[in-house]
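The following paragraphs lead through a protein model, from its overall build to single residues. Please keep the sequence and the structure in view while reading.

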Amino acid sequence: MQELTRGYGLIEGPVWLGAPHQLQGLLFSDVLGGGVFRLAGDGQVSALFEHRRGIGGMAWHEADGLIVSGRNVSFKAFAGGATQLLLDRDEAGGNVGYNDLTTDSAGRIYVGSLGASPVFDDGREPASGDLYLIDLDGSARQVAADIALTNGLGFSPDGRMLYHSDSRRGRVNCYAVADNGDLGPKQLFVEVERGIPDGLAVARDGSVWVALAGGGQGVSGFAADGRPLQHLEIPDPMCTSVCFGGPDLEQLYIVSGSEGAPGAQSGAVYRVAAPVPGLPVAPARVKLPSID
């Protein structure tokens, strides 16, 4: 286990950009401190986007930018320019923002909403959120409901199953996926016994690797049938998310937050050889408001 960088409030949303992209490397956000950062192969860290806080999930969009969550779901181009809104919050309706997100093989976006902020004091009592699909034409619809605290999302290798962490309930659920992107009834995949399920990533063999926050201190792997495989431990108690990376997706990047660690800027990025190669995550291909 190699520590690559440290000094962030709460790291989330790790995304691997592979070759031949000019920004090849690991992208990640700092929920508390704000901004999106790039960790290059030489170990250097640079800021891609500054200021925006609350980004719990990200995905690369084929228009050469990032889909980011937070107070809304938006597109931010690497080249700069105005942020483009894809899906807004609805505070009056109990939707205060969005957390983690992922894409399916077609490039549609799945993103979970928040009934109350888990990290910022918004004066609201904890409340459940829902799961939304942003389709290729830019339209959005609710596809699942009653997630106490939405977190990690990822698809099985055949795209027929969507895994989804519900942190407050201590479980990872799953849904059968229809051809049009709609989801079947919520089913239990695993209940974790160590820590709280947070971000997750799926391997090529169908195993699911779940970051365990709240004292989980690392990432646990589960076979496609839910059997526990192994636990990869990190020094930090607040393990927040995970993604596969490297040229052949044979490395596992694990990120953490400061909670339970000495100092308010203790969030770190770790890298370890992956037990199995990762599953590629398709770029988002949803229509952007200013692009025909």
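Helices (H or I, at least four residues) and strands (E, at least two) are DSSP runs, numbered from the N terminus. The structure is a predicted model, in which local features need pLDDT of at least 70, side-chain atom pairs count only at pLDDT 80 or more, and totals for chains, interfaces and linings use all residues. Residues are numbered from 1 along each chain as its sequence is written, and side-chain values use heavy atoms, with hydrogens and water left out.

The protein contains 24 strands and zero helices. Along the principal axes, its C-alpha atoms fill a box of roughly 45 × 40 × 40 Å. The radius of gyration, taken over C-alpha atoms, can be set against a globule rule of 2.2 Å times the number of residues to the power 0.38. Because the protein has 292 residues, a compact globule would have a value near 19 Å, and the 17 Å of this model agrees with that.

Burial is described by relative accessible area: buried means under 20%, exposed over 50%, and partly exposed in between (1.4 Å probe, protein chains only). By this criterion, 57% of the 292 residues count as buried. The accessible surface, from the Shrake-Rupley method with a 1.4 Å probe and, for residues, with only the protein chains shown counting as cover, comes to about 11,900 Å², of which carbon and sulfur atoms supply 47%. Contact means heavy atoms within 4.5 Å. Among contacts between residues at least 6 apart in sequence, 44% join residues at least 24 apart.

For charge, Lys and Arg count as positive and Asp and Glu as negative, while His and the chain ends are not counted; the place of a charge is NZ of Lys, CZ of Arg, CG of Asp or CD of Glu. The protein has 21 positive and 34 negative side chains, and the centres of the two sets lie 1 Å apart.

The aromatic residues come next. Rings of Phe, Tyr and Trp (its six-membered ring) pair if their centres lie within 6.5 Å; planes under 30 degrees apart count as stacked, over 60 as edge-to-face and the rest as tilted. Eight such pairs are found in the whole structure. The ring centres of Tyr8 and Phe28 are 5.2 Å apart and the planes stand at 85°, so this pair is edge-to-face. Since Tyr8 belongs to strand 1 (residues 2–8) and Phe28 to strand 3 (residues 25–30), the pair ties together parts that are 20 residues apart in sequence. Tyr8 and Phe28 are both buried. A stacked pair is formed by Phe49 and Phe78, at 6.2 Å centre to centre with 5° between the planes. Phe49 is in strand 5 (residues 45–49) and Phe78 in the loop between strand 8 (73–77) and strand 9 (84–87), so the pair links parts of the chain 29 residues apart. Phe49 and Phe78 are buried.

Some backbone features deserve attention. Most residues other than glycine have a negative phi, and most peptide bonds are trans. The bond from Ala19 to Pro20, however, is cis, with omega near 10°; Pro20 lies in the loop between strand 2 (11–17) and strand 3. Asp146, in strand 13 (residues 140–147), has a positive phi near 60° and is partly exposed at 38% relative accessibility. Leu249 also has a positive phi, of about 55°. Leu249 is placed in the loop between strand 22 (239–245) and strand 23 (251–256) and counts as buried, at 13% relative accessibility.

Three further residues show local surroundings. Gly199, in strand 18 (residues 196–202), is buried with a relative accessible area of 0%. Gly199 and Leu153, 46 residues apart in sequence, have C-alpha atoms 7.0 Å apart. Phe222 lies in strand 20 and is buried at 8% relative accessibility; beyond four places in sequence, its contacts include Phe189, Val208, Val210 and Arg227. Arg227 itself lies in the loop between strand 20 (218–222) and strand 21 (228–233) and is partly exposed, with a relative accessible area of 47%. Leaving aside neighbours within four places in sequence, Arg227 is in contact with Gly221 and Phe222.
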